[in-house]
Amino acid sequence: MPVSTAIDIQALTKVFPSVDGGRPTAAVDGVSLTIEPGELFFLLGPSGCGKTTLLRMIAGFIEPTGGSIHFREPSGTRDVTHLAPEKRNTGMVFQSYALWPHMTVAQNVAFGLEVRGLPRDERERRVGEALTAVRMDHLAARRPTQLSGGQQQRVALARAMVIRPSVLLLDEPLSNLDAKLRLELRSEIRRVCKDSGITTVYVTHDQKEALSMADRVAVMAAGKVVQAGSPAALYRRPRTRFVAEFLGETNILEGAVEVQALPHSSAGGVHVRVRTAAGVVEAVSPDAPPAAGSAALVSVRPEGVRLAPDGPGLEGKVRERIYLGDTAQYSVQLVSGQVIRAAVLNPPASLPFDAPGSHVFVTLAPEDTVLLPAHAGE
């Protein structure tokens with residue numbers, strides 16, 4: 001198993017000049033991150049947020065405008081900010097796989113070792129180990145054109161890992177596959193990366209991919225990291241409306257802080273009472289909450305919404321129910337006019353409020369309800 005490398009990124013910036021004489025564009029804007037040894041770290045965000053540019057600066061394919069990148073290893077710390085890609089000892093898996101069609105699977109995987117001048121016996125041993133790790137050893141003699149998309153992706157992963165890189169970089173490796181195959185390969189890629197012990201940076205725009213695979217995730221928007229943490233922390237305790245809405249379905253209620261620091265705080269953070277147009281709710285503030293009277297937003301996932309035929313709670317009427325077997329999804333219009341979505345897990349065959357127009361009471365579990373800044377960018 002290779003010795004794992006930590007990555008220290010400080011105030012990294014990449015500014016591209018305008019093609020039409022306008023203002024330059026900061027694709028990456030002052031990003032600072034520490035990626036721990038052996039970590040499977042995801043850069044997640046919508047198209048154009050800067051995640052691929054950041055990955056390519058780590059690889060050395062794009063020269064930073066400012067800031068620094070250091071690889072921290074047991075033998076010492078290397079400043080790789082302006083180092084050529086071939087001197088960084090990184091392995092890259094591209095979106096297109098980039099396999100040589102005239103070479104066999106084994107020859108594709110061995111290519112990097114040949115360039116490095118390894119003896120034939122050593123090459124064959126390491127190629128065999130890499131193909132076994134991705135469960136492709138039985139297809140070593142085939143050519144890429146004889147493989148499925150998922151099999152080609154495994155070969156590309158083996159080729160990147162066989163050189164025993166300090167850092168493994170994956171640029172949306174599953175985006176060219178169908179949904180069923182993407183789902184199957186998520187756990188497989190995580191297994192390979194974690195078994196290898198190689199520090200891995202993975203770029204994706206797929207929220208479920210990141211939540212199901214990552215040790216930690218950095219959510220990016222407009223060239224900046226807006227929040228970083230474990231998948232559970234990001235999903236359950238978003239710090240901005242953007243993160244709450246990007247990481248899955250959520251309900252947003254507008255209101256004002258009524259009372260700070262309620263007595264109970266078993267869910268972590270500070271509990272506050274918020275008055276909304278539909279009524280009063282309790283929420284957890286991940287950070288120091290704003291003063292009483294301050295405008296705020298409340299975010300709650302559909303699975304954190306409880307429905308009952310009787311009060312207490314926010315009053316409303318059922319607009320729609322969709323039965324999906326494992327869940328039932330409800331749309332409820334509150335007395336304020338806002339529609340809130342609820343998900344009932346393992347629903348019974350029928351509930352008293354299933355019919356459209358049914359009167360219903362909505363309660364929001366305080367531990368699942370999060371206070372967010374009221375203004376964009378906060």
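Predicted model: local features only at pLDDT ≥ 70, side-chain atom pairs only at ≥ 80, totals over all residues.
Residues are numbered from 1 along each chain as its sequence is written, and side-chain values use heavy atoms, with hydrogens and water left out.

Is Arg126 buried or exposed? Arg126 is buried, at a relative accessible area of 12% (buried is under 20% relative accessible area, exposed is over 50%, and partly exposed is in between, with a 1.4 Å probe and protein chains only). Leaving aside residues up to four places away in sequence, Arg126 touches Leu113, Leu118, Val162, Ile163 and Arg164 (contact means heavy atoms within 4.5 Å). Arg126 and Met161 are 35 residues apart in sequence, and their C-alpha atoms are 9.7 Å apart in space.

## The rest of α3

Helix α3 runs over residues 120-133, which is 14 residues. The buried residues in α3 are Arg126, Val127, Ala130 and Leu131. Looking down the axis of α3, those buried residues fall within an arc of 135°, so they line one face of the helix (the arc is that of the directions from the helix axis to the C-beta atoms).

What covers that buried set? The cover includes α2 (105-115) and α4 (149-161). Just after α3, Arg135 takes a positive phi of about 60°.

## How the helices pack

Take α2 against α3: they pack at an angle of about 125°, with their axes 9 Å apart (axes are lines fitted to C-alpha atoms, for helices over the stretch in contact, and angles run from 0 to 180 degrees between N-to-C directions). That makes α2 and α3 oblique to each other (angles under 35 degrees count as roughly parallel, over 145 as roughly antiparallel, 65 to 115 as roughly perpendicular, and the rest as oblique). Their crossing is right-handed (a crossing is left-handed if the near helix is turned anticlockwise from the far one by less than a right angle, and right-handed if clockwise). On the α2 side, Val105, Ala106, Val109, Ala110, Leu113 and Glu114 meet Arg123, Arg126, Val127, Ala130 and Leu131 of α3.

Now for α4 and helix α5 (residues 179-196), which pack at an angle of about 15° with axes 11 Å apart. So α4 is roughly parallel to α5. The contact is made by Gly149, Gly150, Gln153, Arg154, Leu157 and Met161 from α4, together with Leu181, Leu185, Glu188, Ile189, Val192 and Ser196 from α5. Here too α4 passes α5 in a right-handed crossing.

Seven of the nine residues of helix α1 (residues 51-59) are buried, so α1 is largely enclosed by the rest of the structure. Which ones are they? The buried residues of α1 are Lys51, Thr53, Leu54, Leu55, Met57, Ile58 and Ala59. Gly60 follows α1 and has a positive phi, near 100°.

Arg56 is also found in α1, but at 25% relative accessibility it counts as partly exposed. Not counting residues up to four places away in sequence, Arg56 touches Phe61, Ile62, Phe94 and Asp171. Arg56 and Arg164 are 108 residues apart along the chain, with 19 Å between their C-alpha atoms.

Most residues other than glycine have a negative phi. Ala11 is not a glycine, yet it has a positive phi of about 45°. Ala11 is found in strand β1 (residues 6-16) and is partly exposed, with a relative accessible area of 40%.

Asn89, again not a glycine, has a positive phi of about 60°. Asn89 lies in the loop between β5 (76-79) and β6 (90-93), and is partly exposed at a relative accessible area of 26%.

## The whole chain

Zooming out, the chain has eight helices and 20 strands. Its C-alpha trace spans about 75 × 50 × 45 Å along the principal axes. Of its 378 residues, 48% count as buried. Among contacts between residues at least 6 apart in sequence, 67% join residues at least 24 apart.

How values were computed:
Helix = DSSP H or I, 4+ residues; strand = E, 2+ residues; numbered from the N terminus. Expected span 1.5 Å × (residues − 1).
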